[in-house]
Amino acid sequence: MSAWLKFLRHYGPVPRNDNMYDETIQRSARRQRMQPIEFEHPAQEMIVNSFNMLTPDPVSVILTGTAGDGKTHLCRQVWKTLKGDDQGWASDNPYLTIESQYPADRTSWPISNENSLYRTVTIHFIRDLSGWAPQQGTAWEPEKEELLHKFCKSLFDPNADEIFLIAANDGQLVESWRRLRQTDDVRRVRQIFEELLVEDRREQSGIRLKFFNLSLTSSAVLFDRALDAMLGHPGWNELKNNLSAENDLFGPKCPIRKNYELLQSALVRGRLRSLLELSDYNGLHVPIRQILLLLSNAILGHPDAKDHLMSPDDVPKLIAAGTVSKGSLYNNIFGGNLSEIRRQSITIFDYLERFQIGIETTNRVDNILIFGEGDELLGQYFEEFVSADSFYGADSRYYAAKREYVEGINEDDEKSQNFLNMLVSQRRGLFFKIPIAAEEELHLWELTVFKFAGEYLDSIVAALKDRGAVRRPLLSRIVRGLNRVFTGMLINSDRELYLATSGNYSQAKVSRILVERISVDANKGEKIILLYDPADGRVLLTVYFSPTLSETFHLTLIRYEFLSRIAIEGALPASFSKECYEDLLAFKSRLIAAHSTRQGAERLTSSAAIGLNLLTLTDQGMPNPRVVEVTQ
Amino acid sequence: MTTYAVPLLPPDSFDQSSSMWVDEAIWGHRLYDEQLPWFVFLEFLNVLHHEADKGRAFTEPAGFNTLKYRARRRLHLRNILFNNPHLTEIRQAYPDDEKRWSEWLKRMKGATGIAHAQFDYLKNHFHSFDDFSETVEFIRSTSLEVDSNKRWTSKFVFPYGSNSLYEDLDNSGSTNDRRFFGRTGEMLYLMFCRAERKQDLLIALKTKLLKTDQAWDSIIKCLQPTEEEPLGGERANSFLPYSSHRCFDELAQDWLSILSLNIPGFDVMPHLINLVGLHLLRYQLVVSREILGLESPLQLICEVVAPKKTLVREISCDLYQENNLLPAQAIEAFISRIEGSPPWQRAILENGAFEKCLKILREEVRWGEDYDGPSEPEQLIGALRQSAMKRHRQHVANIHRNYGREIGLVSKRGTVKLRYAPTDALLKTLLFANVEKRTELHQFLERLHVRYGIVFSDKQAEQVLPKGEFEKKAFQANSRRLEQRLGSLGVLKRLSDGCAYVVNPYHVATNEQ
């Protein structure tokens with residue numbers, strides 16, 4: 001009755017997780033008569049359409065991305081579209097071919113079935129380049145190398161009747177091409193790959209190739225689809241239909257059931273989705289395989305079970321042992337059930353760890369958790385978030401540890417450490433429990449390292465998507481942050497952007513020579529705006545020097561956080577200051593270069609006098625430039 | 001084995017009065033630890049400008065080691081900038097512009113090192129005393145060594161251009177006492193004279209320096225009188241013992257790479273200077289290894305600073321110590337070579353052995369005059385060893401450490417022991433000098449290893465470490481940390497687990513030029 005849970009467990013961080021690979025999952029699903037967790041990849045339609053009747057003149061396609069992005073799965077969808085047989089696909093051969101009819105005139109699909117109107121196109125599937133290219137240190141087999149040479153050539157041939165579908169990790173792709181016998185075509189193609197990869201593009205004009213980098217897919221969208229598919233899996237029905245006793249699997253005390261139900265709640269789901277969306281905005285892509293691993297671990301995680309994932313048989317034992325709370329979804333989401341080493345080696349947990357949820361906190365939150373019980377003001381929160389949660393809130397272990405900690409009965413470090421660990425779990429729980437209405441009051445996002453993350457999602461990204469603009473105070477704050485970085489002074493101006501240098505080092509910490517001021521509001525072609533780019537889901541800050549001259553900066557979450565903190569607090573947050581600071585100085589360099597372009601011939605030296613614009617601040621932090629003239 | 005370059009002898013015209021000639025014979029006259037890379041660069045610029053004016057830059061027309069040049073002294077400028085504590089006080093005490101000028105000019109009459117000091121010319125360049133003061137304050141704030149407690153004559157205005165160059169002088173502003181311009185910059189100049197691509201380099205330097213904003217140099221010029229100030233005395237007797245060396249070529253190559261980039265204005269200088277430090281340090285160690293007959297190339301195993309002690313750190317510490325001893329060992333070997341030479345071996349068997357040996361030492365290493373120990377060749381050469389080592393330790397032995405620290409190659413961060421742990425600034429320099437547009441990370445690492453012996457990752461470490469010492473995981477973690485650091489510098493684009501590129505943002509596309 002619990003075959004489904006056993007199957008689900010194989011998606012998780014177990015040593016042999018068969019369900020991680022499309023090839024093996026198909027087999028194990030057949031063997032266990034289980035339906036795999038399946039959903040349509042956001043790019044599937046576009047990829048399949050490149051081969052079906054919507055495309056009269058198909059070109060080669062490369063599916064690339066990181067491990068677990070769904071390359072093989074999508075290959076299989078194309079194979080099915082082209083009516084390839086299942087048996088052929090089930091073979092171990094990394095290379096398959098199929099023939100298909102396409103219009104002979106390459107422009108539109110004929111109405112008639114007349115044979116002469118069609119041409120036969122051979123489609124070469126290299127569904128796993130790593131299985132095709134030779135092992136490191138061994139030489140190419142001639143026919144394999146030949147095929148790839150043929151591929152390279154076909155990309156430049158408008159009359160080619162052979163096209164390719166190649167699935168490969170980006171690293172393998174570049175590596176394989178370096179190891180091929182170098183011809184002009186090979187070199188050219190390698191260069192093209194490199195450019196498409198590094199510049200996140202899909203096509204290059206004149207080249208018969210579509211290049212799908214699946215790592216550019218939104219992790220949040222993948223999460224939505226994966227979660228729906230997992231929660232909607234028929235395997236749950238069987239569990240739900242079986243009336244279980246109190247201490248049985250999927251009974252009222254079963255942590256698996258609780259976790260399953262929690263994942264269905266809009267609040268938990270929404271917060272988890274936010275974390276993935278925010279990862280996207282920080283340029284961290286989570287592949288499908290990692291999302292499924294996260295979901296499996298979230299439901300089944302428990303530190304005391306074998307491989308730290310519960311099997312159906314474990315449940316009654318864990319209930320009896322009174323350690324159900326250790327299987328908390330809130331903790332499992334962050335891999336808290338796993339050993340530190342194991343956790344650090346898993347991409348998704350590495351990414352989620354960067355939010356520092358459980359470690360970051362506010363006095364208020366800790367007061368609720370430690371002193372809230374029975375308190376006049378905080379009591380209701382303690383009640384709502386901690387004691388009312390009979391599963392993962394305060395159990396007797398928590399109360400006992402809290403009492404010892406507060407009363408200082410024991411100076412045993414280990415015991416207080418034990419309580420501090422429980423606090424981490426409770427704070428994690430709070431992150432998923434605080435209702436939307438109380439987000440602001442309880443400063444939800446201060447439970448993460450990104451205090452401004454909520455604002456970034458709601459007032460920046462969503463506002464730009466909906467209205468195409470953000471509230472003025474937010475833009476002003478960004479400009480103030482930029483000004484502080486660009487001048488190295490605690491400047492308070494936010495109506496203009498101040499470009500300054502130190503005279504001899506554009507990257508200097510303090511820049512006192514004012515080069516130019518750029519108006520934030522539209523003025524003589526100058527303006528500073530924020531935009532959301534729907535093509536790649538990025539927030540862009542653009543500084544216009546003139547209607548045709550501008551520079552753009554990718555405003556990631558981390559950069560937004562950085563600028564906001566500098567604008568408000570003045571201090572540079574040490575934890576991630578370095579990276580952002582460097583990026584901003586590089587942006588300043590580009591802005592100064594753009595300014596020079598606008599200046600054109602009006603060089604400083606052309607006149608008899610040299611003007612120096614020295615920047616100082618008033619007591620209120622307002623800029624007070626002073627022009628000093630030196631006569632030559 | 002790398003061919004051991006036959007060292008040159010000092011030319012006959014050379015000043016023979018200087019003391020012992022051991023460090024100098026091996027590395028040149030001279031590597032000076034108190035002249036840090038910035039000052040090496042400044043001294044070099046003085047030589048270059050002088051020689052370029054004479055139309056003979058990067059050549060040695062009279063033969064090897066015959067460089068003679070004169071540098072500017074610019075005492076008016078330096079008195080204004082670094083020997084003039086009056087500005088703020090005068091601005092506060094005198095409300096009237098005229099009074100301010102006259103009071104200041106009066107006080108400056110006693111400016112050091114200038115006979116009949118006259119600063120009236122300044123009034124032609126500034127609308128007010130305030131403007132003048134602001135300008136001076138600002139230029140002072142961008143100068144070198146402003147905050148150090150070096151004497152005022154060892155403070156330098158940023159090298160904005162030819163009007164900003166001058167030589168280090170003693171306290172009274174009368175002569176270069178070699179306190180901070182210890183000839184290492186002259187040696188650097190000689191290295192370029194003997195580098196393969198010196199002509200390309202000369203063109204690149206001229207082009208790049210012409211492209212910088214001349215306004216600043218013009219302002220510096222305005223702080224100086226219109227009539228030329230007297231030049232400093234003739235500088236000569238610098239010495240570089242090899243007519244060619246791959247270290248010279250590699251340095252020139254790196255400078256060329258940096259100069260070809262689209263790095264704005266003066267930002268190029270810190271990179272050039274980092275490379276000067278790195279290559280001088282390498283030159284000392286590489287030559288030491290040649291003298292010691294060590295065939296394997298120099299290795300610099302670098303830790304990317306980890307929060308905790310790691311195996312890489314330990315290995316790097318040990319290797320640092322090992323490399324640090326190389327120059328001293330080279331001295332030892334150099335002296336042993338004299339001792340093992342046929343003339344010495346003959347001399348000790350002959351009558352008057354001691355006198356003959358003393359003569360050999362006087363000729364070879366200019367030492368022995370003051371020796372008053374036992375008249376035995378063995379004791380004599382023992383005493384030479386001792387005193388050569390003692391002298392070596394005073395300055396030349398510290399190049400590896402001082403230059404290494406100054407350019408950010410050597411560090412104590414997170415521990416008490418020194419080891420190789422490059423800073424972000426140095427990593428950037430290395431990247432800019434070695435990546436044209438972009439290249440895969442592991443190819444970049446391979447290049448750093450081939451060119452400098454720098455090791456970060458497991459792949460390179462495996463080649464150089466004995467089996468017992470090599471631990472794959474430790475070095476993999478090290479290169480992961482490197483990757484993070486490069487990422488945080490905005491010069492790395494990671495595509496996925498298997499693929500990352502390092503990118504040079506200052507690359508100039510050829511079709512744009």
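In chain A, 8 residues of domain 1 are in contact with 5 residues of domain 4; two residues are in contact if their C-beta atoms, placed from the backbone, lie within 7 Å. On the domain 1 side, those residues divide into 2 nonpolar, 4 polar and 2 charged. For the classes, Ala, Val, Leu, Ile, Met, Phe, Trp, Tyr, Cys and Pro count as nonpolar, Asp, Glu, Lys and Arg as charged, and the others, Gly among them, as polar. The centres of these two domains of chain A, taken over C-alpha atoms, are separated by 44 Å.

This is a predicted model, where local features need pLDDT of at least 70 and side-chain atom pairs count only at pLDDT 80 or more, while totals for chains, interfaces and linings use all residues. Residues are numbered from 1 along each chain as its sequence is written, and chains are lettered from A and ligands numbered from 1 in the order in which they are written.

The division of chain A is domain 1 (3–21 + 30–37 + 218–353), domain 2 (43–215), domain 3 (363–447) and domain 4 (454–631). Domain bounds come from an automatic or database domain assignment.

Next, a helix pair in chain A. Helix α10 (residues 219–231) and helix α13 (residues 266–281) of chain A pack at an angle of about 145°, with axes 8 Å apart. Helices (H or I, at least four residues) and strands (E, at least two) are DSSP runs, numbered from the N terminus. Axes are lines fitted to C-alpha atoms, for helices over the stretch in contact, and angles run from 0 to 180 degrees between N-to-C directions. The α10(A) residues that meet α13(A) include A:Phe223 and A:Asp224, and the α13(A) residues include A:Arg269 and A:Arg273. By class, this contact has 4 nonpolar, 2 polar and 5 charged residues.

Now the two chains together. How many residues of chain A are in contact with chain B? There are 36, and they touch 35 residues of chain B. On the chain A side, the elements giving two or more residues are α8 (170–179), α9 (184–198), α26 (574–599), β11 (609–614) and β12 (626–631). Helix α26(A) has the largest share, 7 residues. That side of chain A has 13 nonpolar, 15 polar and 8 charged residues.

A:Arg179 is in helix α8 of chain A. A:Arg179 counts as partly exposed because it has 15 C-beta neighbours inside 10 Å. The cut-offs are 20 or more other C-beta atoms within 10 Å of its own for buried, 12 or fewer for exposed, and partly exposed in between, with C-beta atoms placed from the backbone.

On to chain B, which is assigned domain 1 (17–296), domain 2 (300–313 + 413–512) and domain 3 (326–398). The C-alpha centres of domains 1 and 2 of chain B lie 33 Å apart. In chain B, 13 residues of domain 1 are in contact with 10 residues of domain 2. Helix α11(B) gives the largest share of the domain 1 side, 5 residues.

Last, helix α8 of chain B. Its buried residues are B:Leu201, B:Leu205 and B:Leu209. Seen down the axis of α8(B), they fall within an arc of 50°, so they line one face of the helix; the arc is that of the directions from the helix axis to the C-beta atoms. On the other side of α8(B), the exposed residues are B:Gln199, B:Thr207, B:Leu210 and B:Lys211. What covers the buried residues includes α7 (184–193) and α10 (246–259) of chain B.
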